[in-house]
Amino acid sequence: MDKDYTHLYENYGVSLGDLGSAGIDFNSIRVRLTNILLTDDIEEKKALNNEIQQIEKVMESNLDKFGNSIQTENTYEAYMSLRNNLEQYNKARDEVINLSLSGQNEQAIAMLITEGDQYARDTENAIQDMFDLRKKNGAEISRQLTVQTERTGIIMVIVIALIMIVYIGFGIFISRMISKPVRKLVDSADKIADGDLNVVFKMQLSRLLQVRSKCPQ
């Protein structure tokens with residue numbers, strides 16, 4: 001159970017955080033790309049471009065970690081679709097940046113509105129689809145673990161009850177083994193005390209020692 005819950009946390013809880021961080025990074029890149037087109041300062045454009053490159057490295061790292069946590073084929077297919085859409089967006093983004101840095105800002109804006117915007121929306125949709133699929137799969141595993149936990153609890157109660165019954169039965173058995181010969185000895189001692197010496201001890205000494213060895217110390 002501990003292993004299964006750890007798997008759920010690492011491959012669904014943590015991985016969703018990685019995917020969410022990648023989504024935030026993607027939107028941060030889009031904001032900076034827009035700012036590149038809004039400014040006329042070439043140095044500011046370059047600084048924003050450097051920020052985009054740094055954010056992209058972090059985003060790629062988060063996506064790689066998410067990809068390493070994938071367990072099912074349908075999730076992997078959705079992940080590859082996300083990767084393909086992102087690759088197309090990155091190509092259009094870099095072309096927009098190059099046009100803007102070369103003084104062709106109007107052409108850069110036109111490209112961002114057409115190709116860039118379409119690839120951006122495709123990437124956002126792929127990220128959302130990835131989220132929905134991951135949450136669905138995680139919820140199903142969580143449900144299965146809940147059933148497993150309940151079943152395990154029931155089994156534990158049954159096993160404990162059976163063990164208690166066995167121990168109670170064993171205790172009664174040992175108690176009777178001890179009490180019967182002791183009662184006979186007491187009865188014989190009472191007869192002797194009353195002057196009746198016609199007493200026969202049928203219990204062998206070895207049996208008495210055997211019973212004594214089974215008694216709790």
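These are my notebook entries on a predicted model.

**Ground rules.** I number residues from 1 along each chain as its sequence is written, and my side-chain values use heavy atoms, with hydrogens and water left out. Since this model is predicted, I ask for pLDDT of at least 70 for local features and 80 or more for side-chain atom pairs, while totals for chains, interfaces and linings use all residues.

**Overall fold.** I looked up the secondary structure and found five helices and zero strands, in the order α-α-α-α-α along the sequence. Helices here are DSSP runs of H or I with at least four residues, strands are runs of E with at least two, and both are numbered from the N terminus. Of the 217 residues, 30% are buried (under 20% relative accessible area, with exposed over 50% and partly exposed in between; 1.4 Å probe, protein chains only). I then checked contacts (heavy atoms within 4.5 Å): among those between residues at least 6 apart in sequence, 76% join residues at least 24 apart. The protein exposes about 14400 Å², and carbon and sulfur atoms supply 57% of that (Shrake-Rupley method, 1.4 Å probe; for residues, only the protein chains shown count as cover).

**Helix α2.** How far does α2 reach from its first C-alpha to its last? I get 39 Å for the 27 residues 42-68, close to the expected 39 Å (1.5 Å times one less than the number of residues). Its buried residues include Leu48, Ile52, Ile55, Met59, Leu63 and Phe66, and also Lys45 and Glu56. At the helix start, Asp41 places a side-chain oxygen within 2.9 Å of the backbone nitrogen of Glu43.

**Helix α3.** After α3 comes Gly103, with a positive phi near 90 degrees.

**Thr123.** I found Thr123 in helix α4. Why does Thr123 count as buried? Because its relative accessibility is 1%. Leaving out residues up to four places away in sequence, Thr123 touches Phe26, Leu82, Asn85, Leu86 and Tyr89. Its side chain also reaches the backbone oxygen of Asn85 at 3.3 Å.

**Surface patch.** Which residues form a nonpolar patch on the surface? I noted Met156, Ile160, Met164, Ile168 and Ile172, with about 500 Å² of accessible area together. Met164 belongs to α4, residues 105-193.

Methods:
A polar contact is a pair of N or O atoms within 3.5 Å; within protein, one must be able to donate a hydrogen and the other to accept it, and residues adjacent in sequence count only if both atoms are side-chain atoms. Patches are made of residues with over 30% relative accessible area and no salt bridge: like charges are joined within 9 Å, nonpolar side chains (Val, Leu, Ile, Met, Phe, Trp, Tyr) within 5 Å. A salt bridge is a side-chain nitrogen of Lys or Arg within 4 Å of a carboxyl oxygen of Asp or Glu.
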